[in-house]
Amino acid sequence: MIVQRMVLNSRPGKNGNPVAGNFRLEEVSLPDNIAEGQVQVRTLYLSVDPYMRCRMNEDTGSDYLTPWQLSQVVDGGGVGIIEESKHTNLTKGDFVTSFCWPWQTKVILDGNVLEKVDPQLVDGHLSYFLGAIGMPGLTSLFGIQEKGHVTPGANQTMVVSGAAGACGSLAGQIGHLLGCSRVVGICGTNEKCLLLTSELGFDAAINYKKGNVAEQLRELCPAGVDVYFDNVGGDITDAVISQMNQNSHIILCGQISQYNKDVPYPPPLPPAVEAIRKERNITRERFLVLNYKDRFEPGILQLGQWFKEGKLKIKETVINGLENMGAAFQSLMTGGNIGKQIVCISEEFTL
């Protein structure tokens with residue numbers, strides 16, 4: 001059987017901007033038979049995420065991320081449907097997900113790397129398992145629970161950068177659900193700002209491309225900032241830290257503004273900003289969702305329940321076709337997405 005796959009064609013270089021041409025579409029043949037313990041799966045949806053920029057480098061700068069290899073198939077989060085199974089716990093027609101799903105239209109995998117998912121949990125929106133009811137949702141939930149120190153009734157203000165992205169759009173809503181009294185989002189267009197305040201329950205939003213971020217923060221966070229959910233780093237983070245209160249907390253989710261630069265993770269703060277952080281005793285600890293695997297199941301159920309109750313609104317930007325994975329990733333890295341960036345590979349659920 002001939003299938004299509006996406007391989008890494010070239011590396012952008014540690015300081016380069018990724019482009020669609022860094023990826024290449026190929027055809028490859030799948031074996032006719034699968035071995036014991038294996039399944040053949042048709043890919044339905046694939047995820048593109050900012051962390052993947054690190055995997056484009058020969059050295060990812062991280063001990064838990066392996067680099068993609070040149071001319072080898074790329075992988076990431078995926079959802080699919082089983083077409084053939086020789087695994088005891090998986091049968092034809094099951095929907096499954098994995099964090100290491102090859103960017104391929106159909107794929108043969110070891111059944112042990114797959115997690116069965118229930119379409120009813122997401123009202124049939126299987127792509128949500130790659131976003132709000134998946135890793136980004138868990139990252140937002142555990143990040144706030146573990147590093148945000150939110151106390152219901154304490155009148156805390158949370159600021160979220162990258163607020164219209166996969167994690168940011170959820171973090172602001174979860175901040176409210178867990179007890180923050182005020183949530184302010186920072187993003188890059190007026191359209192995104194409007195979405196945050198009109199649909200996602202943010203109290204205010206700042207377009208960082210218009211006006212002075214520090215001035216707007218002072219106006220919109222009159223009592224200062226108690227919790228900062230940081231997706232971007234750089235100048236925006238410096239501006240937020242300058243408004244943070246004594247004994248406040250930074251949730252270090254991502255640093256997308258720094259991913260095309262050869263700097264360590266997390267990137268060091270400028271000396272003047274680091275001085276403020278120390279003086280005000282602001283925590284800024286590395287956060288890795290994979291350290292909380294024992295809580296994934298109850299976390300997913302909590303996120304699913306909030307979604308079902310209408311308390312968690314989910315936004316996606318969907319592009320169709322495996323051939324557009326590179327374009328989707330390039331768009332993601334330049335803020336072209338609202339909510340989770342998804343690529344639909346096959347919508348056909350029938351076997």
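**Close-up views of a predicted model**

**View 1. Ser140 sits in helix α2, which spans residues 135–148.** Keep in mind that this is a predicted model. Is Ser140 buried or exposed? With a relative accessible area of 0%, Ser140 is buried, because buried means under 20%. Which residues does Ser140 touch, if we skip those up to four places away in sequence? They are Cys167, Leu170, Ala171, Ile174 and Phe229.

**View 2. Six strands form an open sheet with parallel pairing.** Trace the strands in the order β10-β9-β8-β11-β12-β13. The edge strands are β10 and β13, the latter at residues 283–286, and each of them pairs on one side only. From one strand to the next, the twist averages 20°. Now look at β9 and β10: these strands run parallel and are joined by 4 bridges. Ile186 has Ile206, in β10, as its bridge partner.

**View 3. Ile206, in strand β10, is a buried residue.** Its relative accessibility is 0%, so Ile206 falls under the 20% limit for buried residues. Beyond its neighbours within four places in sequence, Ile206 is in contact with Val184, Gly185, Ile186 and Cys187, among others. The list of contacts also includes Cys193, Val213, Gln216, Leu217 and Leu220. For Lys192, 14 residues away from Ile206 along the chain, the two C-alpha atoms are separated by 9.4 Å.

**View 4. Helix α5, residues 213–220, has buried residues at Val213, Ala214, Leu217 and Leu220.** Why do the buried residues line one face of α5? Seen down the helix axis, they fall within an arc of 135°, so they share one face of the helix. These buried residues pack against β8 (157–161), β9 (182–187) and β10 (204–207), and also against helix α6 (234–241). At the start of α5, look for Asn212: one of its side-chain oxygens reaches to within 2.9 Å of the backbone nitrogen of Ala214.

**View 5. Residues 5–117 carry a domain annotation in UniProt.** The unreviewed entry lists this stretch as "domain: Oxidoreductase N-terminal". Over residues 5–117, the chain is 4% helix and 42% strand.

Conventions: Residues numbered from 1 in each chain as written. Predicted model: local features only at pLDDT ≥ 70, side-chain atom pairs only at ≥ 80, totals over all residues. Heavy atoms only, no water. UniProt positions renumbered as here; feature names shortened; annotations may be inferred. Helix = DSSP H or I, 4+ residues; strand = E, 2+ residues; numbered from the N terminus. Buried < 20%, exposed > 50% of the residue type's maximum accessible area, 1.4 Å probe, protein only. Contact = heavy atoms within 4.5 Å. Arc of directions from axis to C-beta. Polar contact = N/O pair within 3.5 Å; in protein donor to acceptor, adjacent residues only side chain to side chain. Pairing = 2+ DSSP bridges. Axes fitted to C-alpha atoms, helices over the stretch in contact; angles between N-to-C directions.
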